[in-house]
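Me: I am new to this structure and would like to learn how to read it, one feature at a time. Could you take me through it slowly?

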Amino acid sequence: MARLGILVKGELDRLKKYNLFTATTVVLLLWVGMTWLLDAKEITAFVPLILLMDSTMMTIVLVGATLFYEKKEHTINSILVTPVREAEYILAKVIVSVINSLITVIALSATVYFLKSVTFNFALVTASVVLITVFHTLLGICFAYFSKNFSSLLVNFMLYVIIIMLPTVLADLGVIGKGIAQFFIILPPDAASIILKAGFETVDLWKVIFGFTYLAALSLALYKYIIKPRFNDYAMRETGV
Amino acid sequence: MPISFSKLTAMENLEFFQRLYKNTVDVEPLLKRVGLWDDRHKKAGEYSKGMKIRLNFVRALLNNPKMLFLDEPTNGIDPVNGKIMKDMIREFQDQGGTVFLTSHIMSDVDELCDRVAFIVNGKLQEENSPRNLKLKYGKRLVKVEYRENGDVITQEFTMDEIKTPKFFELLKTKDIETLHSGETTLEDIFIKVTGVALHG
């Protein structure tokens, strides 16, 4: 447990030193600024979308960037020859992503509450953001596994956004009809969108339960069947070890 | 291979890794010994290759290990710092530590290793102490060079022949210029062992 704390602190220090924290802060300020410009009704529709993008897209890019820095500098090998276990290493990445997402939740919640007097189910939104971030951190790690470099990770990420995420956004904007959109629930971003919206508006209970269960199951499956079995191979690849 | 977080200072790198171990050593004497103490607050990315390798070496000693795996520890390092590192490795050995050294620099191997193994295409081709390897691959002879009537004459004697009066007579009567044993070097053995296996 103490080692996990050290890894998390190390990750946070490096986010700062490698200017990744600055990048996420700039994006956060952008979100806060946009929220400030909206009225109360628009906020209810827009904030879940911001949180969705932040806990999905930003999470994938951020974890991908940190992994590629570590690959490039071979520090992942150094960490693995310490007593650190691979589960601790991955969990540290997940915790740091969750901290980043929670900062966004807190900043946006404070903005909409103090500036626009808008409230929502904070506990449900927080729980949703945590689960969505956990899943997308693991997904980001998978992307890093299957990408040769950061550019190819971005390409894979864009494919994910276009193929898997765009239908959800188009359905939210009413471009895709409800008849077809109801089947999108099996797409992780759609499940994520549903559980996030549940904090702001009334959503069918079965959909919320399905969303939480589905994302949790997918996270476990990603870790057990892809991330854990391939971790050492990934860490040692291209290092000459 | 230099390995460190480039945007962190040398000290921050060491402190991060140090916290991951229960049993650690004081880094100050180590950093002073390898000549990095004054540059400890510089970012590792601004270090030269030699400095990064020395930093790696200090990091390897952070947890007071019983065994060290070193990959070409003096490659890219100037002779003065190379000697310091070799002295530190020898001290580690003297204190009971085991060192696995991977290197193509045979002079380092000769100086530091009790046993040497040559691996060719993943197969252990030869394994012995440096002394035994030199005996096995070297020539058991002594080469004498002397000057006679303005010419340099070379004569070779086997180890058995040097006990004979002929050898002593030569030493007494001739103007000896050089005297060499036929002992080979680990570099020659390396070429012989790996070269034969690869091209023979």
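Me: How many Å separate the centres of domain 1 of chain B and domain 2 of chain B?
Reply: Domain bounds come from an automatic or database domain assignment, and here that assignment divides chain B into domain 1 (10-113) and domain 2 (135-199). Taken over C-alpha atoms, the centres of domain 1 of chain B and domain 2 of chain B are separated by 39 Å.

Me: What should I keep in mind about the model and its numbering?
Reply: This is a predicted model, in which local features need pLDDT of at least 70 and side-chain atom pairs count only at pLDDT 80 or more, while totals for chains, interfaces and linings use all residues. Residues are numbered from 1 along each chain as its sequence is written, chains are lettered from A and ligands numbered from 1 in the order in which they are written, and side-chain values use heavy atoms, with hydrogens and water left out.

Me: How many residues of chain B are in contact with chain A?
Reply: Contact means heavy atoms within 4.5 Å, and by that rule 15 residues of chain B are in contact with 18 residues of chain A. Buried area is the accessible area (1.4 Å probe) that two parts lose on being put together, summed over both; between chain B and chain A it is about 1,600 Å², of which carbon and sulfur atoms give 69%. B:Phe5, B:Lys7 and B:Leu20 supply 36% of the area that chain B buries against chain A, more than any other three residues.

Me: Which residues form a salt bridge between the two chains?
Reply: Side chains of opposite charge can pair when their charged atoms come close. A salt bridge is a side-chain nitrogen of Lys or Arg within 4 Å of a carboxyl oxygen of Asp or Glu, and between chain B and chain A the count is 1. That salt bridge pairs A:Lys17 with B:Glu12, whose closest N and O atoms are 2.9 Å apart. Helices (H or I, at least four residues) and strands (E, at least two) are DSSP runs, numbered from the N terminus, and helix H1 (residues 10-19) of chain B gives the largest share of the side of chain B that touches chain A, 4 residues.

Me: Where does B:Ser4 lie, and is B:Ser4 buried or exposed?
Reply: Buried means under 20% relative accessible area, exposed over 50%, and partly exposed in between (1.4 Å probe, protein chains only). B:Ser4 lies in the segment before H1 of chain B and is buried, with a relative accessible area of 10%. Not counting residues up to four places away in sequence, B:Ser4 touches A:Glu73, A:Thr75, B:Asn13, B:Ala44 and B:Leu55.

Me: How many salt bridges are there over all chains?
Reply: A search of the whole structure finds 22 salt bridges over all chains. One of them joins B:Arg33 and B:Glu91, with the closest N and O atoms 2.7 Å apart. This pair links distant parts of the chain, 58 residues apart, with B:Arg33 in helix H2 (residues 27-33) of chain B and B:Glu91 in helix H4 (residues 79-94) of chain B. B:Arg33 is partly exposed, with a relative accessible area of 34%, and B:Glu91 is partly exposed at 33%.

Me: Which residue forms a salt bridge with B:Lys86?
Reply: B:Lys86 forms a salt bridge with B:Asp108, the closest N and O atoms being 3.2 Å apart. Because B:Lys86 lies in helix H4 of chain B and B:Asp108 in helix H5 (residues 106-112) of chain B, the pair ties together parts that are 22 residues apart in sequence. B:Lys86 counts as buried at 13% relative accessibility, and B:Asp108 counts as buried at 3%.

Me: What is in contact with A:Ser101?
Reply: A:Ser101 lies in helix H5 (residues 86-116) of chain A and counts as buried, at 3% relative accessibility. Leaving aside neighbours within four places in sequence, A:Ser101 is in contact with A:Asp54, A:Ser55, A:Thr59, A:Val129 and A:Thr133.
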